[in-house]
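Please read this report with the sequence and the three-dimensional view side by side. It goes from the place where the chains meet to the inside of each chain.

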Amino acid sequence: MPRYFTEEHEWIEVDGDTATIGITDYAQEQLGDIVFVEVPAAGTALAKGKEAAVVESVKAASDVFAPVSGTVIEGNAALEDDPALVNTAPEAGGWFFRLTIADPGELEGLMDQAKYKDFVAGL
Amino acid sequence: MSDEAEVEAEVLEQLPLDAWHRARGARMVGFAGYEMPIQYEGILAEHEWTRQHAGLFDVSHMGQLIVTGEGAAEALEALLPADVSSLKRGRIRYSLLLGEDGGILDDLMVTNVTREGGEPAFYLVVNGATKWDDIGHLREHLPDAITLTYLEDRALLALQGPEAAAVLERVMPGVTGELGFMQSTEYAFEGGHLAIARSGYTGEDGFEISVAAGQAERLAERLCAEAEVKPIGLGARDSLRLEAGLPLYGHDLTPETDPVSAGLEFAISKARRARGGFPGAEHILKLLDEGAPTRRVGLALEGRMAAREGAPVHAGDRQVGTVTSGGFSPTLGHPVAMAYVDAAHASEGTALEVEVRGKRLPARVVPMPFVPHRYHRKGAV
């Protein structure tokens with residue numbers, strides 16, 4: 001399944017018209033120990049580039065933005081009990097939410113894995 | 001993803017242990033004009049290590065000052081509400097640099113370092129972010145006969161935690177036995193001279209060690225060679241001091257806050273209450289007598305969502321205060337915060353709500369420290 005990345009360090013894995021979204025390994029490394037994650041509830045309508053979730057480390061709270069517009073199917077309930085999953089498995093079990101993609105055209109312009117790797121290397 | 005807390009300063013200076021921190025894998029950030037280690041292995045692990053063992057903090061950004069001259073105690077008393085003139089040699093007091101209106105310009109430690117037969121001398125440790133303003137304020141207000149010296153060639157290391165004393169005693173035999181909490185001594189270390197205070201900013205027993213910049217790396221290396229000691233970054237320093245209920249200047253204390261609202265009445269000694277003569281004395285003594293309209297309180301929050309600086313505090317539909325610092329407490333497993341709230345809502349057990357990102361989080365006024373202090377008070381069992 002194709003996986004895309006944003007300059008705000010979110011990843012989005014697309015499967016047909018649904019997508020799974022999380023933050024990248026680089027992002028969790030920058031944030032440090034995650035102690036709380038607030039994920040959007042099922043049914044929430046999200047707009048591309050707008051706040052979708054909140055991730056809190058010991059030192060700060062950070063917004064996670066929606067890489068594309070869509071309607072939330074589910075938030076990752078596992079993060080409620082174990083927010084550290086974002087540190088240990090950011091690009092797997094530490095996913096944030098799944099949504100139904102409103103406009104697949106919004107995926108254009110997102111980076112693929114290689115481009116994101118170059119982007120991070122340049123930071 | 002956006003990180004709201006990290007602010008890059010334009011020109012950052014480097015402290016004596018810069019290379020040492022980097023070699024240990026520290027992530028460096030701008031703080032108080034310096035590049036400083038925010039964390040090494042991770043804030044949670046470093047926090048817990050300090051609560052269980054001993055952590056070494058580099059706080060060389062802080063300002064170390066010496067005030068000397070005949071009448072130095074009285075001159076300081078004109079600027080601080082501490083009873084400096086009765087402070088015995090080797091004793092430390094927490095005090096506040098006050099503005100004319102009684103607002104808090106900085107919080108600091110003052111130690112009587114007068115030598116046997118020498119002229120009066122006091123050692124001040126002030127906050128890094130405020131030290132230049134403090135120096136300016138002191139130069140302006142201290143009489144000409146009093147000399148102010150900025151010890152810019154000295155580093156400051158803090159060794160904190162329940163195993164700190166055992167470690168220090170092993171490295172510097174004989175140094176800990178004589179020292180109780182808020183007492184200070186000198187120690188000869190490898191040809192240099194250390195000033196060692198039994199004090200800190202974590203709520204744990206521990207020491208703050210002033211060392212010549214050129215010797216700082218050697219001392220840090222020597223202390224970290226002990227199995228109980230790991231270097232700890234600023235991130236854990238903040239979460240530890242928050243749990244200990246200790247205010248952070250620039251956040252919980254500002255020129256707009258006064259010692260009574262801040263809950264720092266203990267810093268206004270009995271003698272000074274009687275004698276007055278410190279900046280804003282009239283206003284502060286009135287607040288002591290009548291009570292302050294707002295109070296710094298501790299808040300315990302349910303759940304895991306933290307309330308941070310600036311979050312409004314509500315009682316019903318009325319805002320009654322504002323959070324000045326807050327975060328997740330690793331020791332307690334839930335968020336805690338300090339807030340200034342109207343006195344009517346400041347008593348222990350009061351149920352309040354903190355607004356975070358449009359949500360109302362239930363909070364309860366609780367006593368501080370959130371995590372009990374474990375200072376080594378001499379004479380205490």
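## Where the two chains meet

Between chain B and chain A there are twelve residue pairs in polar contact, counting pairs with both residues at pLDDT 80 or more; a polar contact is a pair of N or O atoms within 3.5 Å, where within protein one must be able to donate a hydrogen and the other to accept it, and where residues adjacent in sequence count only if both atoms are side-chain atoms. On the side of chain B that touches chain A, strand E1 (2-3), strand E4 (34-39) and helix H2 (43-52) each supply at least two residues, and the largest share, three residues, comes from H2(B). Helices (H or I, at least four residues) and strands (E, at least two) are DSSP runs, numbered from the N terminus. The residues on this side of chain B divide into nine nonpolar, four polar and eight charged, where Ala, Val, Leu, Ile, Met, Phe, Trp, Tyr, Cys and Pro count as nonpolar, Asp, Glu, Lys and Arg as charged, and the others, Gly among them, as polar.

In terms of contact (heavy atoms within 4.5 Å), 21 residues of chain B meet 23 residues of chain A. The two chains bury about 2,100 Å² between them, 50% of it on carbon and sulfur atoms; buried area is the accessible area (1.4 Å probe) that two parts lose on being put together, summed over both.

## How to read the model

This is a predicted model, in which local features need pLDDT of at least 70, side-chain atom pairs count only at pLDDT 80 or more, and totals for chains, interfaces and linings use all residues. Residues are numbered from 1 along each chain as its sequence is written, chains are lettered from A and ligands numbered from 1 in the order in which they are written, and side-chain values use heavy atoms, with hydrogens and water left out.

## Salt bridges between the chains

A salt bridge is a side-chain nitrogen of Lys or Arg within 4 Å of a carboxyl oxygen of Asp or Glu, and a search of the whole structure finds 30 of them over all chains. Five salt bridges are counted between chain B and chain A. One salt bridge pairs B:Lys359 with A:Glu38, with the closest N and O atoms 2.1 Å apart.

## Salt bridges within chain B

Which residue forms a salt bridge with B:Glu204? The partner is B:Arg374, with the closest N and O atoms 3.0 Å apart. B:Glu204 lies in the loop between strand E13 (192-197) and strand E14 (206-212), and B:Arg374 in the segment after strand E21 (359-366), so this pair ties together parts of chain B that are 170 residues apart in sequence. B:Glu204 is buried, with a relative accessible area of 2%, while B:Arg374 is partly exposed at 43%; buried means under 20% relative accessible area, exposed over 50%, and partly exposed in between (1.4 Å probe, protein chains only).

A second salt bridge joins B:Glu226 and B:Arg170, at 2.4 Å from N to O. This pair also links distant parts of the chain, 56 residues apart, with B:Glu226 in the loop between helix H6 (213-224) and strand E15 (229-232), and B:Arg170 in helix H5 (residues 164-171). B:Glu226 is buried at 11% relative accessibility, whereas B:Arg170 is partly exposed at 42%.

## An enclosed helix in chain B

Nine of the ten residues of helix H7 (residues 234-243) of chain B are buried, so this helix is largely enclosed by the rest of the structure. Among the buried residues are B:Leu234, B:Leu240 and B:Leu242, and also the charged residues B:Arg237, B:Arg241 and B:Glu243. After H7(B) comes B:Gly245, whose phi is positive, near 75°.

## Two places in chain A

A:His9 is found in the loop between strand E1 (3-5) and strand E2 (10-15) of chain A, and is buried, with a relative accessible area of 9%. Leaving aside neighbours within four places in sequence, A:His9 is in contact with residues including A:Ile23, A:Tyr26, A:Tyr116 and A:Phe119.

For A:Lys59, an unreviewed UniProt entry lists "modified residue: N6-lipoyllysine"; UniProt positions are given in the numbering used here, feature names are shortened, and annotations may be inferred rather than shown by experiment. A:Lys59 has its place in the loop between strand E6 (51-57) and strand E7 (61-65) of chain A.
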